[in-house]
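Here's a quick tour of a protein model, written for someone just starting out. Take a look at the sequence and the 3D view, then read on.

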Amino acid sequence: MVNAGGESAGNPEPCVVGVDFGTLSGRAVVVRVRDGAELGTAQHEYPHAVLDRELPDGTRLPPDWALQVPSDYIDVLRIAVPEALARSGVGPEQVIGIGTDFTACTVLPALADGTPLCELPEYTARPHAYVKLWRHHAAQAQADRITTLAAERKEPWLQRYGGKISSEWEFAKALQVLEEDPEVYGRMERWVEAADWIVWQLCGTYLRNACTAGYKGQYQDGAYPSRAYVEALAPGFDDFVTEKLEHPIGALGAKAGQLTAEAAAWTGLPEGIAVCVGNVDAHVTAPAAGAVEPGQMVAIMGTSTCHVMSSDQQGMVPGMCGVVDGGILPGLWGYEAGQSGVGDIFAWFVRTGFPAAYAEEAAALGRDPHEHLTALAAGQKVGEHGLIALDWHSGNRSVLVDHELSGVVVGLTLSTRPEDVYRALLEATAFGTRTIIEAFETSGVPVHELIIAGGLMKNALLMQIYADVTRRPLSIIGSAQGPALGAAMHAAVAAGAYPDIQAAAHAMGNAERGVYQPDPERAAAYDRLYDEYRVLHDYFGRGTNDVMHRLRGIRAEASA
C-alpha cells in the first residue's frame, strides 16, 4: 500500500525533484522514481517577468529586446521547491536527486565565478549585462552575417542548422554584445546558458550541457566553429570561443555534482544529493511523453512551440533549429524545430482585441477570455470567418529562420468579430506546424506520430484544429508538467536509479495515444486554407515582398 508521500509498507520510496524554468515562471515537481507519479507541485512567478521595455531602474530598451533578472531564478529554488516538497508529503531524506530544464537559448554574461554582470553595481543600468531571454530578437543583423559568412566559407556545420543561424542563439547574441557594448563584452568572462548557470548555482560546478552546446552553440562533431571563422566575423571576436564560451561538456542525464550546503538551505533538500546536468525544456519533455522511438515528434506548446524528435535518419531539414547526434536520446539523431510565437499570440490578441462587452459576457458565464473566445469560435465551420493569418508576431523560427518577419491577418471586414480573428490565429499556428512536419518528411526524415505537451493542450478546440490541419491523430502527454517531469526523470538517471533515460522513460513517462482524430471533411476544408497560407508564407517570407523588413527599418528610425 502506497501513501501520498511515496512510502510503501513503511519503506520510504526514493523520489526526485524536477524544476522547469519557463518564460514567466518556474515550476517544481516531486516525482516518485518507481513509476513517475507526481506527488507535489508548486509554481513561482518571476517578479521581474520579461524586461522588454525597460530595466528595473527605468533604463529604456530598444524594440525586439527581451531580458530577465537571474535572481528571479534563484527565487524559484527558494520558494517553489520547498512548497512542492511540503505538498507532496515526501520527507527530504527520500529525495535522491534534482534535475532542471530551461528555455533556450537564454544566455547571460558572467564572471569566472558565475556572478552575473547585471549584479555588479557598475552594470545595473547596462542592458547587455542582463540575461538575454530566448525571445530576444534584436541580434538579427548579427545572425544574418553569421549565416552569410558560413555559407561563403562553406562551413560544414551550417547545414546541420538547416542553412540558417538564428538570432536567438549564442553566437548572434554574443556578437551583439561585442558590437553594442564592448566594455560589457570585455568584462564578461563566461557566456553561460541559463540552463547551465542554474546547475552551477546548485552544485558549484560549471558544465556545459550537450543539448544547448549542440543546438544553440553550433557545437558539432566535437568542435565549435573555427577560430579563423570567428575572427572573420568581427574584430575582437576571435577569442570568443576559447576565452568565454568553451568549457567541459556534460552528457544529458549525467551527474554534474552534488547539492551544496547553500543550495540545500534554499531548497530544503539534503546536501550532497545528485544534481543533474542541465537541459532544455522541450528536449527533456520527449522522454516524459514516452517518445523514445524514431519518428515520434513532440510539440511542446506554450508561449511558443518547440518541436523535437529523435530519428535514426540523418537529414538536412531546411530551417530546422539543429540536428545533434544524441541531442535528445543517446544513439539517435535529435532534431529541433519551432514556432517563436503561439500562446504569446493568443495572449496578445486577448490583451488588445477583447472588447468590454465580451469581457462582461465572459464574466457572467464564468469564463476567462480565452475560454470565452474558444467557445464562440468552436461553433464555426472551417473557413466561415473568411480569414487567413500568418503566425509571425514574434518572427518565424522554422522554417524561414527570420525574426524580422511579422504577423498578418488577411480578409478583415467591418463584420469580422473577435472570435473570428482568434480562430484564425489558432489555425495559423496549426498551419505553421504542418509546414514544419512537411519540411521534415520531404527531407527524408519521417514523422510517425505527433504528441502534444505543454499548457495549450488543455484547449480542446485547438487540439482538434491541429489534428484536422495536419491530418494526423494527436497523442497527449500524461502530465501537465511535462518539462518538470522530464527534468526529474533525468535526475533519476543521474542519481543511478536507472541506467539511461530510455529505461527511465519506460517506467516514468506516459502519453495517451490518439486522443484527437482528424475529421476527413474538416481536413479537406483546411487543405484549401493551407494552400492560401503557403501562398502568403512564401510571398512575405521568401523575398517576393520584403515589406515586413522595410517596416522594421522605418520603426527603428522612428524609435532612434
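Which residues does Thr 433 touch, not counting residues up to four places away in sequence? They are His 307, Gln 339, Tyr 466 and Thr 470, where contact means heavy atoms within 4.5 Å.

Bear in mind that this is a predicted model, where local features need pLDDT of at least 70, side-chain atom pairs count only at pLDDT 80 or more, and totals for chains, interfaces and linings use all residues. Residues are numbered from 1 along each chain as its sequence is written, and side-chain values use heavy atoms, with hydrogens and water left out.

**Around Thr 433**
- Thr 433 is buried, at 0% relative accessible area (buried means under 20%, exposed over 50%, partly exposed in between, with a 1.4 Å probe and protein chains only).

**Cysteines**
- There are zero disulfides here, a disulfide being a pair of cysteine sulfur atoms within 2.5 Å.
- Cys 118 is in no disulfide, and the nearest cysteine sulfur, in Cys 105, is 16 Å away.
- For Cys 321, the closest cysteine sulfur belongs to Cys 306, and at 6.4 Å that's too far for a bond.
- Cys 118 is buried at 7% relative accessible area, and Cys 321 is buried at 2%.

**Aromatic rings**
- The structure holds 22 aromatic pairs (rings of Phe, Tyr and Trp, using its six-membered ring, with centres within 6.5 Å; planes under 30 degrees apart are stacked, over 60 edge-to-face, the rest tilted).
- Tyr 185 and Phe 237 make a tilted pair, because their planes are at 40°, with the ring centres 6.2 Å apart.
- Tyr 185 is buried at 4%, and Phe 237 is buried at 0%.
- Phe 21, Tyr 46, Tyr 73, Phe 102 and Trp 197 form one aromatic cluster.
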